Structures are given as C-alpha cells and as structure tokens.
Amino acid sequence: MREILTVLGGLLIGILLTLGTIYLFFMLCFFALRQMMVKMHETEPKMRKLGEYVQRKQDQGIDLNEIQNDSEFMALTADIQASLNPVNFIPGTIRKFLPRKWKDAARLPQAIAYINEAVPKIVSDWNPLELVHRSTPKLRAANQPGHLEQNFAVFADRLGELQAYNGIKYFVQEQNTHPTRWNFVIEADFAKGAATITGQILWKGERLFFDSFYVSTFTADA
C-alpha cells in the first residue's frame, strides 16, 4: 500500500510540475505578447515620422539611396529597430538573466539613435548644458568650473552654427568593459569650417551618458 501511495504521490507531483511549467510558459507568452503590443503602439508615431521624412525628401527630388545615408534617416530607423528588438518583448525580470551579448545587441540601435539625436543638439548652438545634462560624473568632474563654457565659447566663435550633421563615421563597442561602452567618431560642417567629434558613451542603469567628448576643428583660418 505504501508503495502505491508513493507512486501516486510521485505522479501527482509530476502532474503539478508539468501544469506549473505549462502555466508559466503561457504566462510568459502572454506578457511577451502584451509587451509587443505596447511597443508596436509606441512605434506607430515613429513610423509615421519616418514615412513623412522620406516623403518630404522624395518631394525635394532626393533619391532613396541618398536618403538611406542621411544621418536623420539612420537615427529614426535605429530608434524603431531599438523599440522592436525581440529582447524588449521579454519580461524585465527574465531579461536581467540574459547573456550580456544579447543585451548589448539590443542596445546597439538605441546607442546609435541616442548619439544621432544628442550630438546635433549639443553642437547646434554650443550650449554646454546640453552636454552636461547627458554626461557621466566622471566627464563633469574632468571639466573645471567654467572650463567647458570657455571651450564651447571658443568653438562657437571658431566654427559658428551647425550647417550639416554628417553622421557617425566610426562606431565600435569596447570589449570586456562594464558598463557597456561605445566609441564614436562624427563629422559635421559648420558655418566657418568642418569638425570631427570623437567620444564615448556608456550604458548606466537604464540610460546612456557621454563619458568623453572631444571636438577637433578644421576651420578656413586654422
């Protein structure tokens, strides 16, 4: 009798574990589907913005191949890719246990979109606060009080207003670093000359920050 009860108990435990696994699987699918619907809804305005941008450029007579190399187009598409990355559909509690390479792959489009959105704002009128608000404590500490303001005033005088943001020319992830870091090189044209902007961004918590930011000028009178 005891052996029969032991067998029945084992079967019952097995059935409960199986049902629990099935329930967990369907709950994960439900949350993933719900997250996907949320992300799709969030992406709709971005898709409309991208479509309007492409249509506007085509109305100006610009070829589609040229549009694809435009920095704003790349920023918009990278932002959409980041929103629709499959890793984003995985519940946050499980996402924490994913391999780091998977997380970095999901963050790559976001990093590109962040740079293409932030850098033009920083250099358009050389407002140092635009960089300070996006900087790590290390970068802020590296600039003595008033030092960043002085540098930006020099760039404003030497380069003038931003004329054309030519986008990222070099972008690479540093290996075996924590938090995840990317180095970048950007080219831009200003009213009085060209400049190369180099730096590094890193992922800290749920945000991206600049950890270094340098400007090399190539003005007509240099």
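Q: What makes Leu-11, Leu-12, Ile-15, Leu-16, Leu-19, Ile-22, Phe-25 and Phe-26 a patch on the surface?
A: Together these residues form a nonpolar patch with about 830 Å² of accessible area. A patch takes residues with over 30% relative accessible area and no salt bridge, joining like charges within 9 Å and nonpolar side chains (Val, Leu, Ile, Met, Phe, Trp, Tyr) within 5 Å. A salt bridge is a side-chain nitrogen of Lys or Arg within 4 Å of a carboxyl oxygen of Asp or Glu. Areas come from the Shrake-Rupley method with a 1.4 Å probe, and for residues only the protein chains shown count as cover.
The model is predicted: local features need pLDDT of at least 70 and side-chain atom pairs pLDDT 80 or more, while totals for chains, interfaces and linings use all residues. Residues are numbered from 1 along each chain as its sequence is written, and side-chain values use heavy atoms, leaving out hydrogens and water.

Q: How do you know that the span of helix H8 agrees with its number of residues?
A: The expected span is 1.5 Å times one less than the number of residues. For the 13 residues of H8 (residues 147–159) this gives 18 Å, and the end C-alpha atoms are 18 Å apart, which agrees.

Q: Why are the buried residues of H8 said to lie on the same side?
A: The buried residues are Leu-148, Phe-152, Phe-155 and Leu-159. They cover an arc of only 55° around the axis, which puts them on the same side of H8; the arc is that of the directions from the helix axis to the C-beta atoms. Gln-150 and Asp-157 are exposed on the other side.

Q: What makes Trp-126 and Phe-152 an edge-to-face pair?
A: Rings of Phe, Tyr and Trp (its six-membered ring) pair if their centres lie within 6.5 Å; planes under 30 degrees apart are stacked, over 60 edge-to-face, and the rest tilted. By this rule there are eight aromatic pairs. Trp-126 and Phe-152 lie 5.5 Å centre to centre with 90° between the planes, hence edge-to-face. Both residues are buried.

Technical notes: Helices (H or I, at least four residues) and strands (E, at least two) are DSSP runs, numbered from the N terminus. Buried means under 20% relative accessible area, exposed over 50%, partly exposed in between (1.4 Å probe, protein chains only).
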